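Notebook open, model loaded. I'm jotting down what I look up as I go.

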Amino acid sequence: MASGSGEGKGDRAGAGYQQYATYGTGGYDERQWWPWLVPTVLGACVVVFAVEMFENDCPRHGSPLGGDAACVAGFLRRFAFQPLRENPLLGPSSATLEKMGALDWAKVVHEHQGWRLISCIWLHAGLIHLVINMLSLLFIGVRLEQQFGFVRIGIIYLLSGFGGSVLSALFLRNHYISVGASGALFGLLGSMLSELIMNWTIYSNKAAAIITLLFIIVINLAIGILPHADNFAHIGGFVTGFLFGFVLLARPQFGWMERHELPQTNQPPKYKMYQYVLWGVALLLLLVGYVVSLTMLFKGKNGNDGCHWCRYLNCVPTSRWKCNT
């Protein structure tokens, strides 16, 4: 089962964002929004996970491993976890996840259940998976929502998760099911990078900020080549969020913020020319990317047919593990 979880990735990403944020903009005066969307998303994911466990009902349905495999934390009764040999993340069975909307290529393509491209973002494979992703969401999402507001961050979160699901379905095909908010979280991480590039002229300590952010991104994506993590969702979410950052997170220039104090003849432009260029290129790439990838997906195309080495982006086999588990 490819959980799309990013296990162990979120805490590093969050810590890195705190460091990145301290570089600041050299006194840039901007409105601060009250962050309510990120806590709401967190609460929704917790409620959905509780529903997963209620529906799973391990004591009643048992495990496909057989009668000798006991449910974990049986004192929770209906909310007990599947045996660790079946799900080491302390969560429900694959069958429950599939029933509740996990990403399944066959159901999306052949049974026209495209809604799974969105529903899988709200599901989590286990308690460990949920905690790591929600901590990551708090560390990364709250600061972004404070700076840019719930509308823009909500769009980036949802459409990055959708983009990650599409790429995951194209390459994982019918070998796995996938759940988790990691594609959306990587989208927020990608938007942080493009926001830094888009607003390059108003940042101080630019080199330190971008080196720190790139280091965090590379480490997190590299860990995704381990088994059971859906790195295609991570990559798809990151690229989508990176492009949306150019479209949605541009900041006005300093001079424009002070335009009321300047003569009418010296009014500066709100954005620089390079910001308009990046905005246009990113929007075009987003539109083309969505159209091409969705067309390939619903025509039943296999992304691996045109890219035989792409499977190594998701998992690199070694003497210690296999990638077909």
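**Lys99 and its partner.** I started with Lys99, which is exposed, because its relative accessibility of 59% is over the 50% cut-off. This is a predicted model, so I'm reading every side chain here as a prediction. Which residue does the Lys99 side chain meet in a salt bridge? I found Glu55, with N to O at 2.4 Å. Lys99 sits in helix H4 and Glu55 in helix H2, so this pair ties together parts 44 residues apart in sequence. Glu55 comes out as partly exposed, at 28% relative accessibility.

**The other salt bridges.** I ran the search over the whole structure and got five salt bridges. One of them joins Lys107 to Glu111, where the closest N and O atoms are 3.8 Å apart. Glu111 counts as partly exposed, with 44% relative accessibility.

Next I looked at Glu195 and Arg251, whose side chains meet in a salt bridge at 2.8 Å, N to O. This one links distant parts of the chain, 56 residues apart: Glu195 belongs to helix H9 (residues 182-198), while Arg251 is in the loop between helix H11 (231-248) and helix H12 (254-257). Are these two partners buried or exposed? Glu195 is buried, because its relative accessibility of 2% falls under the 20% cut-off. Arg251 is buried too, at 4%. I also noted a network in which salt bridges with shared partners join Glu98, Lys107 and Glu111.

**Positive phi.** I then went through the backbone angles. Most residues other than glycine have a negative phi, so I wrote down the exceptions I came across. Asp57 is one of them, with phi near 45 degrees. I located Asp57 in the loop between helix H2 (37-56) and helix H3 (58-61). Asp57 counts as buried, with a relative accessibility of 8%.

Arg77 also has a positive phi, about 55 degrees, and is not a glycine either. Its place is the loop between H3 and helix H4 (94-100). Is Arg77 buried or exposed? It is exposed, because its relative accessible area of 66% is over 50%.

**Helix H7.** I checked the length of H7, residues 127-148. At 1.5 Å a residue, its 22 residues should span 32 Å, and I get 30 Å between the end C-alpha atoms, which agrees. Where does H7 bend? The bend is at Gly141, by about 30 degrees. Just after H7 comes Gly149, with a positive phi of about 90 degrees.

**Whole chain.** Last, I stepped back to the overall numbers.

Definitions and conventions
Residues are numbered from 1 along each chain as its sequence is written. This is a predicted model: local features need pLDDT of at least 70, side-chain atom pairs count only at pLDDT 80 or more; totals for chains, interfaces and linings use all residues. Side-chain values use heavy atoms; hydrogens and water are left out. Helices (H or I, at least four residues) and strands (E, at least two) are DSSP runs, numbered from the N terminus. The expected span of a helix is 1.5 Å times one less than its number of residues. The bend at a residue is the angle between axes fitted to the seven residues ending there and the seven starting there. Buried means under 20% relative accessible area, exposed over 50%, partly exposed in between (1.4 Å probe, protein chains only). A salt bridge is a side-chain nitrogen of Lys or Arg within 4 Å of a carboxyl oxygen of Asp or Glu.
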